[in-house]
Amino acid sequence: MAVIFQLFIVYLLLLLLSFAAPALHPILYTTLFLMVAVYVLFTVLVPFAKSLLLLVEKLPAPYTTLLVVSAGLYYMAEILALQMKDEGYGALSQLFQTVMKIVIITLWFPSIKQLIETIHSLIPW
Amino acid sequence: MQDLFNSVIADVFGPFFLLLIMLLLTSLVDFFLPAFQKWTRFLLLVIILVLLLEPATDSFRQIQLITQSIASLFLGMYPLIAAMILASGATFGVVNFQPAMLLFAQGAVVFAEKFLLPILLTALLLDILTRLMPDIVFTRMADLLRTSLLAIVSAMVAAYSIFITAGGALTWSLSGALNEPLKELIRQNIPVIGSLLTDTLGSIGRYSSGASAYIGIWLLLSIWSVALLPAVKVLCIAFLFRWTAALIEPFSQKEVCGLMDDIGRTLFVLCAITFLISFAFIYTTIFIVTFIKLMTLGK
């Protein structure tokens, strides 16, 4: 609950800064954003993912972990890319997203390989 | 014994329960990250195919193994049986067996192995492709393959019933008015192949009723259960797929539920093919047992 107020206060602070020092605003915004993002990641997102995984702890396969981790990675990439786009670096954000997608797919490679092998064993000739 | 039973249950049911929990988790993830929805759909399909294709392919592999062993058994036995037929001569008048029938039954096994099973596997592959790439649809093709397979199998069963005309009136406690309600029950409740199943069982029953005069009813029952066990197992797995599809339909993606349904339908057709093979097994076994019994009685 405290995190919501903290985020709102950061937002107000940024609004004030944009009036007080417009020239410094981009660099201050980026720094503050990164700090807040890391803070939120470690106080909210990681514990939440951990408790979600704890719920389905009994399942034997690695699939639940894979799914939650890839969703988290996707979310972080999305947020950071949005920040880059805010600063006007659209091409860089696109690149960032593509790389993150490749990372997620790489995480899933063993499962996809297993799937291809299963289907291959089905082919009757 | 308990552990063995538990492990069997876990092996068969485990993937299906896993699927249910995975669906719950993916719907949670979808709720938090709507942008991730396309990904979860694909990843879920990958998980399902990895987890649940295993029981299906296992039953396919098992049936292939059984057909191969029965075909090789026949190839090994045939010269011996032919020699026995030549040597016995008059005994055959009593048994009223047609040797051509044996050839037909084993031909059906070879046909199933070389032709029917590959076609069924192709239908399964087409279904999987359709679900993985919803833009390129092979549903009708897969359905066509399945229905034509069923037609072939029922034609072969009809040919069996034409062959078996002799000696139907002998004692067979399960036949007659007593099992009519049972037949009706099976016909109503097993989706794709119900009537085919009862017809097959009827012709097997008619055939073995002729033989039950010569071999004991318990031996007959044991032959029946050994031969029909694979078919019953495939039927149970097919039902498991259909039940899971029905269970997850309200809250899962359309592809997932449709894929489960398609795999279930394919397994029902596999069950029909298995019946052909079981019939060949029953025929050969009863033939040999009766023959040996009559030969030893004659001495």
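This is a predicted model: local features need pLDDT of at least 70, side-chain atom pairs count only at pLDDT 80 or more; totals for chains, interfaces and linings use all residues.
Chain A is built from four helices and zero strands, and chain B touches it through a side made up of 21 nonpolar, three polar and one charged residues.

**Chain A overall**
- Reading from the N terminus, the elements of chain A go α-α-α-α.
- Chain A has a radius of gyration of 20 Å, well over the 14 Å from the globule rule for 125 residues, so chain A is more spread out than a compact globule.
- The C-alpha trace of chain A covers about 75 × 35 × 15 Å along its principal axes.
- Among contacts in chain A with a separation of 6 or more, 44% join residues 24 or more positions apart.

**How α1(A) and α2(A) pack**
- Helix α1 (residues 2-20) and helix α2 (residues 25-55) of chain A have axes that come within 11 Å and cross at roughly 175°.
- That angle is over 145 degrees, so α1(A) counts as roughly antiparallel to α2(A).
- On the α1(A) side, the contact uses A:Val3, A:Leu7, A:Val10, A:Leu14, A:Leu17 and A:Ser18.
- α2(A) answers with residues including A:His25, A:Leu28, A:Tyr29, A:Leu32 and A:Val36.
- Sorted by class, this contact has 11 nonpolar, three polar and no charged residues.

**Where chain B meets chain A**
- The interface brings 25 residues of chain B into contact with 21 residues of chain A.
- On chain B, the elements giving two or more residues to that side are α1 (2-32), α2 (37-88) and α4 (99-132).
- The top contributor there is α2(B), with nine residues.

Methods
Residues are numbered from 1 along each chain as its sequence is written. Chains are lettered from A and ligands numbered from 1 in the order in which they are written. Two residues are in contact if their C-beta atoms, placed from the backbone, lie within 7 Å. Ala, Val, Leu, Ile, Met, Phe, Trp, Tyr, Cys and Pro count as nonpolar, Asp, Glu, Lys and Arg as charged, and the others, Gly among them, as polar. Axes are lines fitted to C-alpha atoms, for helices over the stretch in contact, and angles run from 0 to 180 degrees between N-to-C directions. Angles under 35 degrees count as roughly parallel, over 145 as roughly antiparallel, 65 to 115 as roughly perpendicular and the rest as oblique. The radius of gyration is taken over C-alpha atoms; the globule rule is 2.2 Å times the number of residues to the power 0.38.
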